[in-house]
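Here are a few exercises to work through with the model open beside you. Try each task before you read its solution.

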Amino acid sequence: MRASDGNADVFPDLDALSHAAAEACVAAAREAVEARGSFALCLTGGSTPRPLYELLAGPYAPQVPWQKTRLFWGDERYVPPDRDESNYGMARAALIDRVTVPEDQVHPMPTDRDDPGEAAEVYEKTLRGFANRWGAGTPLFDLLLLGLGADGHVCSLFPEDEPHQQGDAWVRAPYGPPRHAPRRRLTLTLPALAKAQNTLFLVSGEAKREAVRAVLREGDPEMPATHVRARQSARWLLAGAAAPSGVAR
Ligand code: 6PG
């Protein structure tokens, strides 16, 4: 399932989008636990998902099987967790410190190595370990959350990346473009993202409208989001101004 084939739902604002995303997370968790006895959720960074994480820690918390949930990240800024830019730090504050997910089921991308490339290898080993344990028929992530940059980036896969940089690796340590500080990142690659059963894009704000249109209406190959694949479904939740005319179902 290509992301650019994905179905899109439009909501009046980020709050309504976040409630729909929370309901999608609850449904995905229920489906995964029934099918496989556990729920692997890959979190996205940036600012858009914070209201969702707060809802999952609040009114929706009783509906999520936290003891059977395993958390991963799609990308990370290469900074300590206590820095405001940390995607892990944001998720800890908004969600993880407020729910009962076991600590040994929380898998942040490591940012404590001198060499980010070594950190990428460590995280790849973690992911491949789970993939090998679970078997080829099992998705690596039951639900993958993704944001979208105004330039069409997902995770820390940017339009400037050379196709050769993709390769077979599941985790890379790119040096992003100047407009996206901190520039040193860790990111899942397209092959890793494609191991998700279901992918949910959370996109809000007028600044994203052109990127959404380029991906969903044109399948623009220059946009990394266009190349995202999912095993089963790719769904877009768009808040108001992020939705170009004619993309909603
Ligand atoms: C990151 C994110 C990134 C994000 C987009 C949208 O580390 O920055 O993972 O891919 O999803 O840049 O960010 P906003 O939600 O802040 O607009």
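**Exercise 1.** Which residues are linked with Arg-92 in a network of salt bridges?

*Solution.* First, some ground rules: this is a predicted model, in which local features need pLDDT of at least 70 and side-chain atom pairs count only at pLDDT 80 or more, while totals for chains, interfaces and linings use all residues. Residues are numbered from 1 along each chain as its sequence is written, and side-chain values use heavy atoms, with hydrogens and water left out.

Next, the criterion: a salt bridge is a side-chain nitrogen of Lys or Arg within 4 Å of a carboxyl oxygen of Asp or Glu. The network joins Arg-92 to Asp-97 and Glu-103. Within it, Arg-92 and Asp-97 meet at 2.7 Å, N to O.

Finally, check accessibility (buried is under 20% relative accessible area, exposed over 50%, partly exposed in between; 1.4 Å probe, protein chains only). Arg-92 has 16%, so it is buried, whereas Asp-97 has 52%, so it is exposed.

**Exercise 2.** Is helix α3 largely enclosed or open, and why?

*Solution.* Start with the boundaries: helices (H or I, at least four residues) and strands (E, at least two) are DSSP runs, numbered from the N terminus. Helix α3 spans residues 87–94, and because seven of its eight residues are buried, the rest of the structure largely encloses it. Among the buried ones are Tyr-88, Met-90 and Arg-92. Then look at the cover, which includes β2 (39–43), α2 (50–57), β3 (69–73) and β4.

**Exercise 3.** What is the order of the strands in the open sheet of three, and which strands stand at its edges?

*Solution.* Two strands pair if DSSP finds at least two bridges between them. The order is β4-β7-β6, with antiparallel pairing. β6 and β7 (residues 185–188) pair over two bridges, and Val-171 has Leu-188 in β7 as its bridge partner.

**Exercise 4.** How many salt bridges does the structure hold, and which residue does Arg-235 pair with?

*Solution.* The count is 15. Arg-235 pairs with Asp-9, their closest N and O atoms being 3.1 Å apart. Arg-235 is partly exposed at 25%, and Asp-9 is buried at 15%.

Technical notes. Contact = heavy atoms within 4.5 Å.
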